[in-house]
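Open the model in your viewer and keep the selection tool at hand. The stops below go from one group of residues to the relation between the chains.

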Protein chains: 2
Amino acid sequence: MTRPRFAFETHAVDGRARTGVLAMRRGDIRTPAFMPVGTAGTVKAMLPEHVRETGADILLGNTYHLMLRPTAERVHHLGGLHTFMNWPHPILTDSGGFQVMSLAGLRKLTEEGVTFQSHLDGRRILLTPERSMEIQRLLGSDIVMAFDECTPYPATRDEAAASMALSMRWARRSRDGFDAGGDHAAGSALFGIVQGGVYGDLRAQSAADLLDIGFDGYAVGGLAVGEGQELMFKVLDETVPHLPAGAPRYLMGVGKPDDIVGAVERGIDMFDCVLPTRSGRTGQAFTRRGPVNMKNARHKDDPRPIDEACGCPACRSYSRAYVHHLLKAGEILGAMLLTWHNLCFYQDLMQGLRDAIAAGRLAEHAADFRATYAAGDIDPV
Amino acid sequence: MTRPRFAFETHAVDGRARTGVLAMRRGDIRTPAFMPVGTAGTVKAMLPEHVRETGADILLGNTYHLMLRPTAERVHHLGGLHTFMNWPHPILTDSGGFQVMSLAGLRKLTEEGVTFQSHLDGRRILLTPERSMEIQRLLGSDIVMAFDECTPYPATRDEAAASMALSMRWARRSRDGFDAGGDHAAGSALFGIVQGGVYGDLRAQSAADLLDIGFDGYAVGGLAVGEGQELMFKVLDETVPHLPAGAPRYLMGVGKPDDIVGAVERGIDMFDCVLPTRSGRTGQAFTRRGPVNMKNARHKDDPRPIDEACGCPACRSYSRAYVHHLLKAGEILGAMLLTWHNLCFYQDLMQGLRDAIAAGRLAEHAADFRATYAAGDIDPV
């Protein structure tokens, strides 16, 4: 039986939240879904089979990093990103737009696209909607993101409107470039990205423009850029109702566990964030009772696992004292164990949300989560 | 059935080489054996269960590193080194003597021991044979090494003789300190260390002194310190005949694959070296045709595994191009995969030697190994 290119099915609805499955050629994505970030063709400090074991159905790859090194053409010649990084399941790639603006030097934005200088060899590179589609096709992406401008925060209404309008023109060119990809387009999906800053009417206009063009899924971009959780939730409240119920909704770059819970309550289906992996490398562990800095000296004699309720390898086999020791000694295994733990925490969080929606008790579940998460470190010695 | 404290059985002899099993409470050690180094309570960039999967029967832990951080007392209170680092199989600990002299600052050697300054907090610490035995007991070591002075190279005959004589007095104090340990001594073993520099008669005298004291096994120390392979083999030729056939022989800190092959031919049963793990973190892969620098640009488009004959996760699932990319991008996964590969290479090397000795064809096997290893990189594109 041939698997579908893209079939999104909702199994249960609870308030504005829903749970279901997004079926694609390379596998099913259970929603709400959290996508670990594999920036440069690796989820840092993890073997991909272990990322899979945490419960991840899909990874995110960064077009900006991969186009510079090893280059999209090289990945293509080596069999595509799935083969290259040994992840046979779905991959979503971003468009490169966000990272060009946040990471590249000497960048210049025009109607055509963004020109920037490579930090690796100083070469000047033009990234356009068409080139972004080509790169994501060469990588072999399953879910391709339209090329957009992430509107900076804060921005005046006029700035946000102009930026959103440019992103909508680029969305049209992304759609055309993607469709021109032929065979690849037949096996993958294209998502549009709603912009408009913190202005509800601009968000509504952006959503309407994207629906006119037509995409497989709809992302909410330009959030988690400094506006704070309250304002982010307000923008979601004003944006999600303008998105079709039958397509998946993806909140880009979000976020902290409580951000995710609140966004799921507001109808979001997909998330990505570097927080669990990046925090893992800097010594922060996520637990049911909030984040814990494992470098803190109070852990140095503590024989208990990071979180008794967690089934990850770090919690099954090691003490807080050991993890603390590894971090103090700068040992790679410290980053490995904490990354694994944090990815498990995020996937367990998503499973809990999916189960709660299916059982029609999301409000209670979310309230329990928030109360426990705010309570602080588990069972202090 | 209770496992033996220490039972060394030789199953086959081929020339001066032998293969067998060293049975201890925590497990069997197949000899000749290679012991990966877990300096600070972790084999760097590896989960211990994956170290086990490579074929390792025993690890080495460093007394010097562990006594400074997290401290032997802390490891003891947390259940011992096996529990702390999640390695239930045998562990050999060194005495701290070698690393105090090579790593510590402001050190002073007297008859009593070595005083040095901790690089972590500047504290002045006195390490003696008695304290080394206590630390290794607190760690819960299975094979405890006598506290010695690793004679520097080069050294005059007088210098080497004086250094060896000091090590022999410390060997006696180590034996007494170990025996005073009571319960722990009942479950673990103590090895003496032959010193004497490059002087055959001093080596013979040192071996005789150690046999008078009596140890479970005998190590050859003070080699692989700059004297070169030819001289190292000459010292082994002059030393090993003075060691009892019924006890295991351990060549400390050795070495390169061809060093190990030559030492096995000369009757050595145990080895340890940081080379496979350290090289793995700096981009060097060991292969049947010699070491390969995976950072070299010639790998960047190579779809083949590091070594087709290797069954490790790096070779099963990834291209040379991918490993090269990870190293260039400074990704932790690069260190993880290459460490794993190199540890597999070393354990496969030992299995090949054990099989060849059992089959009575070690000379042929060693000649084949040397010819192939000197041939250079496998199948250049």
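The tour covers an annotated site in chain A and then the pairing of the two copies. Keep in mind that this is a predicted model.

**Stop 1: the annotated site.** Select C310(A), C312(A), C315(A) and H341(A), where an unreviewed UniProt entry places the feature "binding site". These positions are spread over 32 residues of sequence, yet they cluster in space, with a largest C-alpha distance of 8.0 Å.

**Stop 2: C310(A).** Now select C310(A), in the loop that runs between β16 (290-293) and α13 (313-317) of chain A. Its relative accessible area is 12%, so C310(A) is buried, the cut-off being under 20%. Show its surroundings: apart from neighbours within four places in sequence, C310(A) is in contact with C315(A), H341(A) and C344(A).

**Stop 3: C312(A).** Move on to C312(A), also found in the loop between β16 and α13 of chain A. Is C312(A) buried or exposed? With 0% relative accessibility, C312(A) counts as buried. Leaving out residues up to four places away in sequence, C312(A) touches H341(A) and C344(A).

**Stop 4: the two chains.** Display chain B with chain A.

**Stop 5: the interface.** Finally, colour the interface residues. Of those in chain B, 100% are also interface residues in chain A, so the copies meet through the same surface.

Methods:
Residues numbered from 1 in each chain as written. Chains lettered and ligands numbered in written order. Predicted model: local features only at pLDDT ≥ 70, side-chain atom pairs only at ≥ 80, totals over all residues. Heavy atoms only, no water. UniProt positions renumbered as here; feature names shortened; annotations may be inferred. Helix = DSSP H or I, 4+ residues; strand = E, 2+ residues; numbered from the N terminus. Buried < 20%, exposed > 50% of the residue type's maximum accessible area, 1.4 Å probe, protein only. Contact = heavy atoms within 4.5 Å.
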